[in-house]
Number of protein chains: 2
Amino acid sequence: MINETYKKMLGGKSVIRELSEYATERGKQIGYENVFDFSLGNPSVPCAPEFTETLIDFLQNKEPVALHGYSPSLGIPSVRAAVAESLNKRFDMDYKADHIFMTSGAAGAIAHALRSVTKPGDEVIVFAPFFSEYYEYVGKTGAVLKIVKADTNSFQINFDDFEAVLNPNVTAVLINTPNNPSGSVYSEETVKKLADVLRAKEKEYGHDIFIISDEPYREILFDGIKCPYISKFYDNTLSCYSFSKSLSLPGERIGYVAVSPRCTDSDILAVMFGQISRGIGHNCPASCIQLAVAEVLDKTSDLSVYEKNMNLIYDKLVSLGFEVVRPQGTFYIFPKALEEDAVAFCNKAKKYDLIVVPGNGFCCPGYFRMAYCIDTDKVIRSFDAWDKFVKTEYGVKI
Amino acid sequence: MINETYKKMLGGKSVIRELSEYATERGKQIGYENVFDFSLGNPSVPCAPEFTETLIDFLQNKEPVALHGYSPSLGIPSVRAAVAESLNKRFDMDYKADHIFMTSGAAGAIAHALRSVTKPGDEVIVFAPFFSEYYEYVGKTGAVLKIVKADTNSFQINFDDFEAVLNPNVTAVLINTPNNPSGSVYSEETVKKLADVLRAKEKEYGHDIFIISDEPYREILFDGIKCPYISKFYDNTLSCYSFSKSLSLPGERIGYVAVSPRCTDSDILAVMFGQISRGIGHNCPASCIQLAVAEVLDKTSDLSVYEKNMNLIYDKLVSLGFEVVRPQGTFYIFPKALEEDAVAFCNKAKKYDLIVVPGNGFCCPGYFRMAYCIDTDKVIRSFDAWDKFVKTEYGVKI
């Protein structure tokens with residue numbers, strides 16, 4: 001009696017993963033250094049050395065039963081307190097340890113946040129373009145994903161379409177800024193307007209609407225820009241964070257939900273997350289990783305390569321005539337394809353060993369995503385291929 | 001719009017946790033060394049030193065981007081291959097890497113196993129006494145938990161009641177041997193009979209019935225006994241394992257599901273687990289923990305203290321006139337209380353600073369659980385308290 005729902009999902013391979021596997025296979029033929037693989041959002045810089053040093057120190061000197069012992073289901077108390085303190089200092093918030101719930105990365109964080117403030121049948125709004133896993137994150141809770149069309153001029157929020165999509169069934173809005181795949185950062189103006197609209201709708205509908213804020217790229221910002229901290233603008237906010245990108249620890253699966261101290265039921269939400277965990281088999285992140293990360297909360301890996309790569313790629317694409325919104329953070333860029341069908345565009349690019357991802361999976365057809373968390377040398381070496389590609393396929397004059 | 005289902009769960013605190021918290025509070029008054037805390041099943045011995053050495057070596061010498069990089073969603077291929085090889089050697093199986101799915105401990109393993117072979121409305125049978133979290137593990141998938149009464153003579157299986165509970169809606173049976181809380185190990189005879197019954201019912205009902213085998217205590221065995229490996233006896237078996245107990249790494253949340261190569265759809269189940277993960281926010285266990293554990297799969301912590309403690313406690317309880325089935329493994333014992341109401345019994349024990357857990361939560365009222373993963377010295381020091389307790393409260397002659 002194999003579960004048919006999951007069995008049917010077996011065909012649905014992620015386009016990103018397919019392209020990444022193609023790049024690996026192609027690499028076996030021509031050398032991976034010659035495949036310009038912009039498919040995967042996998043941090044390319046080493047983790048902060050302080051993390052490694054701390055973990056080695058703990059393994060050498062801490063009592064193993066304590067170091068590797070069960071974490072309480074909401075996270076290790078000292079770690080929760082340290083996260084609260086770091087957030088308070090950085091974002092002028094007033095979190096207590098009780099507002100922090102440690103999770104297995106941002107995916108674990110969003111799984112709890114969604115289940116806590118929606119019930120099956122409720123609607124959850126997302127803004128295109130968005131990370132394609134949101135379909136599963138939301139859909140498998142029983143809630144219904146509602147999509148607001150992209151504002152392709154700036155990749156801020158398309159407020160006209162937002163107002164059209166809003167209705168009394170909406171109980172949560174899932175946002176992602178800095179944004180995968182566009183690299184855009186919601187401006188203070190955007191966030192204020194979003195908050196104003198939601199507050200008005202809460203009043204109109206007579207119930208809470210939570211913002212679930214997916215923030216793993218919070219520390220990767222360009223041109224000296226600041227990323228508005230959502231909880232400062234809207235009380236009913238659950239901030240979902242992962243250290244995957246800031247500390248380059250994607251495999252260690254460590255993150256948290258920070259419950260705004262001013263949201264509805266702020267005093268019980270983290271405890272509710274603990275109950276949710278029991279039903280979905282979520283466990284705290286690994287104890288020794290929790291303890292080590294708590295010592296380096298305000299550190300990051302050397303993230304400068306991402307801005308360097310962005311500048312090179314942005315200038316190159318503009319010089320080739322692409323329409324492209326300049327990324328303000330992350331390690332993605334999301335240009336308009338040179339033909340309407342971005343899938344066809346990306347397939348043609350493959351002939352030049354340029355591996356880029358069509359925007360369709362991000363619910364924004366006609367665009368394509370490049371992840372530039374790769375060596376700068378490879379970025380530069382890709383430019384000849386770009387020249388050949390756009391000249392041959394689209395007659396662009398070089 | 002806080003989710004009311006989870007909000008209502010807030011009152012339902014685990015009795016074990018309540019008792020453990022009481023023990024901690026009491027410890028603040030009289031010194032924790034004077035509280036005979038048998039409440040929590042938390043390993044008391046340090047992890048295998050080889051684990052620590054391996055992880056330090058990796059942190060010092062492996063390339064950080066590889067060590068801490070994303071694990072594929074089914075687990076790191078080399079780790080899956082190593083687990084398969086170890087199981088094949090130890091249990092004469094023929095697993096391939098493709099049959100192994102790495103999980104966040106046994107809870108993560110069971111969450112995937114259940115969802116893969118049941119659908120909402122299906123029935124899942126468990127045998128009393130059982131770990132109380134099974135209510136949430138099963139109930140939150142939408143399946144219905146059906147309980148077979150305990151065989152209190154031996155804590156094997158009550159086959160009469162099993163036959164009475166079986167019906168065409170049953171698609172899975174969740175077993176736990178060596179057993180928490182009884183410490184019993186299902187004999188080869190029990191396992192063979194269980195397999196025979198299930199095979200007959202599969203035929204009768206015309207559909208698969210899977211055994212989900214929860215095996216975290218597989219390596220903690222006493223008196224030289226062997227624990228039959230369930231997949232050897234029944235093809236439709238999903239083995240759920242955790243390294244929490246064998247390696248004393250409960251906080252590191254590392255385990256796996258091993259899909260029997262002879263079960264229905266054995267070639268696709270692990271891939272299905274990967275799809276299930278997307279919906280419940282499960283992530284692979286931490287990469288560096290996966291890699292380190294793969295190097296010490298056949299090691300264990302020094303587990304001898306558990307058998308030593310069992311012998312002392314068993315002999316003491318028998319000498320005091322308790323009816324008790326001798327544990328064959330785990331670090332639990334499950335004696336009959338000296339009055340019908342085990343909750344009252346455990347409350348009276350608290351007066352003597354003996355913290356033991358009533359069997360009600362394990363669906364076996366009238367019994368109580370002692371976890372003896374504590375120092376042997378404390379076990380011995382508790383005996384005076386036991387003497388006083390049973391003499392004063394129940395008139396037992398010492």
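Good morning. The model is predicted, so local features need pLDDT of at least 70 and side-chain atom pairs count only at pLDDT 80 or more, while totals for chains, interfaces and linings use all residues. Residues are numbered from 1 along each chain as its sequence is written, chains are lettered from A and ligands numbered from 1 in the order in which they are written, and side-chain values use heavy atoms, with hydrogens and water left out.

I begin with the interface.

In one of them, A:Asp265 meets B:Lys7, with the closest N and O atoms 3.0 Å apart.

I turn now to salt bridges within a chain. B:Arg262 and B:Asp94 form one, at 3.2 Å between the closest N and O atoms. B:Arg262 lies in a loop between strand S8 (255-259) and H10 of chain B, and B:Asp94 in the loop between helix H5 (77-91) and strand S2 (100-103), so the pair ties together parts that are 168 residues apart in sequence. Here helices (H or I, at least four residues) and strands (E, at least two) are DSSP runs, numbered from the N terminus. B:Arg262 is partly exposed at 37% relative accessible area, and B:Asp94 is partly exposed at 42%. Buried means under 20% relative accessible area, exposed over 50%, and partly exposed in between, with a 1.4 Å probe and protein chains only. By contrast, B:Glu219 and B:Arg218, joined by a salt bridge at 3.3 Å, are both buried.

Finally, the aromatic rings. B:Phe155 and B:Tyr367 form an edge-to-face pair, 5.8 Å centre to centre with 80° between the planes. Rings of Phe, Tyr and Trp (its six-membered ring) pair if their centres lie within 6.5 Å; planes under 30 degrees apart count as stacked, over 60 as edge-to-face and the rest as tilted. Both B:Phe155 and B:Tyr367 are buried. In chain A, one aromatic cluster includes A:Phe322, A:Trp386 and A:Tyr394.

Thank you.

Terms used
Salt bridge = Lys/Arg side-chain N within 4 Å of Asp/Glu carboxyl O.
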